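Here are some exercises to work through with the model open beside you. Try each task before you read its solution.

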Amino acid sequence: MAYRKPGKTTVINILIVGLVIAMGAKAAGAEAEDRALHIRHAAAGKAIDLAYQNAGMRVDLVNFDLMECIRQGRAVPDALLRETEAADRDMRRQWLALDLKQNAVAQQLRMLPPQGAHLVSVRSLEDGPASEVGWFMFRSVKIEWPTGTSVGLPLESFRSGVYHAKYSYLCEPSPSVSVYGLQSSQNRTVAGFDADPLPDGDATLVISGLDCDKPGVVRIQIMVNGTEVFRGENPYRKQGWSEHAFPVPARAFVRKLTAKSAAERLLAALAELEQQAAPFAARMKEQADRIEQESAPLLKGLVYQARPYRRDDWQRQFVRGMCFGNLVEYEHAAKSLREAGATLIYGYLPPAKYPALAKELDRVGLPYLGVGWVRHKRPVVTA
């Protein structure tokens with residue numbers, strides 16, 4: 001059996017923690033309406049994630065117990081095994097579909113401009129994470145028309161990118177905004193602007209920027225109201241700010257991607273996500289209930305047997321140790337580790353939590369080695 005069960009809880013917890021961190025950073029500089037939207041999204045996402053986590057662990061435990069029945073020679077119908085595995089896959093499929101919607105709404109939240117009838121976006125096209133490699137940075141953005149009209153976009157109005165109060169490495173110190181690789185949530189930044197009345201004809205987008213100081217040239221995409229005005233290796237220097245102009249055709253201003261329309265799309269997507277949370281939780285519970293009820297007669301009186309050890313396991317170094325830190329769901333963790341083939345568990349739980357974990361490990365026949373830290377006082381140095 002593939003070792004993947006512990007990851008279910010871990011991945012969901014990481015998602016929830018990551019969402020809370022992003023939510024806190026965003027709320028610090030947002031309006032009250034934005035904070036309310038983030039709270040709504042977090043609540044819906046948490047309800048969906050917890051419903052899958054709780055029901056998924058119940059199905060996992062049934063599957064673990066059925067495997068133990070087979071090891072002990074009990075007859076387990078193949079149909080029940082197939083149904084249990086199918087339920088696990090189906091529950092994960094349903095959760096992943098909603099997780100994609102959660103991420104889409106989160107992206108809309110990050111990209112929601114506070115105002116403006118027109119939108120400008122700058123995006124990194126590098127396939128990388130948020131790191132010191134592959135970033136692109138700019139310190140000023142403005143749109144100019146031949147008539148003399150010019151509109152500047154304040155750096156503070158750009159959403160989702162990383163704002164720097166003063167960037168000064170290999171360049172003149174200046175406030176700036178940076179974007180990172182596609183694997184990062186900060187791979188694109190967007191801002192809204194107004195021009196009333198809007199001049200006729202083509203315009204020019206002027207950006208003062210800086211390429212990543214690492215080897216290679218970062219590829220970027222620049223768009224105005226969804227119309228691409230540049231795509232490819234950026235033309236900026238790696239040392240010192242440089243300014244470049246990008247032609248913007250008049251047709252880019254025909255279709256307005258306004259802050260208001262972006263908010264309307266976000267509200268519709270958020271409402272749909274909220275409406276799906278309760279039915280999803282009900283389906284998860286129903287599937288877990290069915291699997292538990294159908295397997296209950298076979299699992300009645302099941303007692304796990306300790307894993308057999310050969311005398312030369314230790315000498316031949318066949319011990320497979322696994323380390324876990326802050327365990328919460330002890331039964332699920334213990335049975336998951338057993339199914340993963342562990343022969344020894346070691347960790348850093350506080351002594352007060354040992355009994356709860358030891359109880360579950362004893363049930364599945366796994367030894368546990370507690371690791372503690374010893375603090376020594378700094379020695380007194382005398383003259």
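A contact, as used here, means heavy atoms within 4.5 Å. Before you start: this is a predicted model, where local features need pLDDT of at least 70, side-chain atom pairs count only at pLDDT 80 or more, and totals for chains, interfaces and linings use all residues. Residues are numbered from 1 along each chain as its sequence is written, and side-chain values use heavy atoms, with hydrogens and water left out.

**Exercise 1. Find what share of the contacts between residues at least 6 apart in sequence join residues at least 24 apart.**

Step 1: take the contacts in the chain between residues at least 6 apart in sequence. Step 2: pick out those that join residues at least 24 apart, and you get 76%.

**Exercise 2. Count the helices and strands, then decide how well helix H5 is covered.**

Step 1: helices (H or I, at least four residues) and strands (E, at least two) are DSSP runs, numbered from the N terminus. That gives six helices and 13 strands. Step 2: buried means under 20% relative accessible area, exposed over 50%, and partly exposed in between (1.4 Å probe, protein chains only). Buried residues make up 45% of the 383 residues in the chain. Step 3: go to H5, residues 330-339, where nine of the ten residues are buried, so the helix is mostly covered. Among them are Tyr330, His332 and Leu337. Step 4: after H5 comes Gly341, which has a positive phi near 90°.

**Exercise 3. Describe the largest nonpolar core and the place of Phe138 in it.**

Step 1: a nonpolar core is a set of buried Ala, Val, Leu, Ile, Met, Phe, Trp, Tyr and Cys residues joined through side-chain atoms within 4.5 Å. The largest has 38 residues, and Phe138, Leu205 and Ile207 have the most contacts inside it. Step 2: strand E2 (residues 136-144) gives the most to this core, with five residues. Step 3: Phe138 sits in E2 and counts as buried because its relative accessible area is 0%. Step 4: leaving aside neighbours within four places in sequence, the contacts of Phe138 include Val122, Leu155, Ile207 and Trp241. Step 5: a second, separate core has 23 residues, including Phe64 and Cys69.

**Exercise 4. Which residues does a cis peptide bond join?**

Step 1: the bond joins Asp196 and Pro197, with omega about 5°. Step 2: Pro197 is in the loop between strands E6 (188-193) and E7 (203-211).
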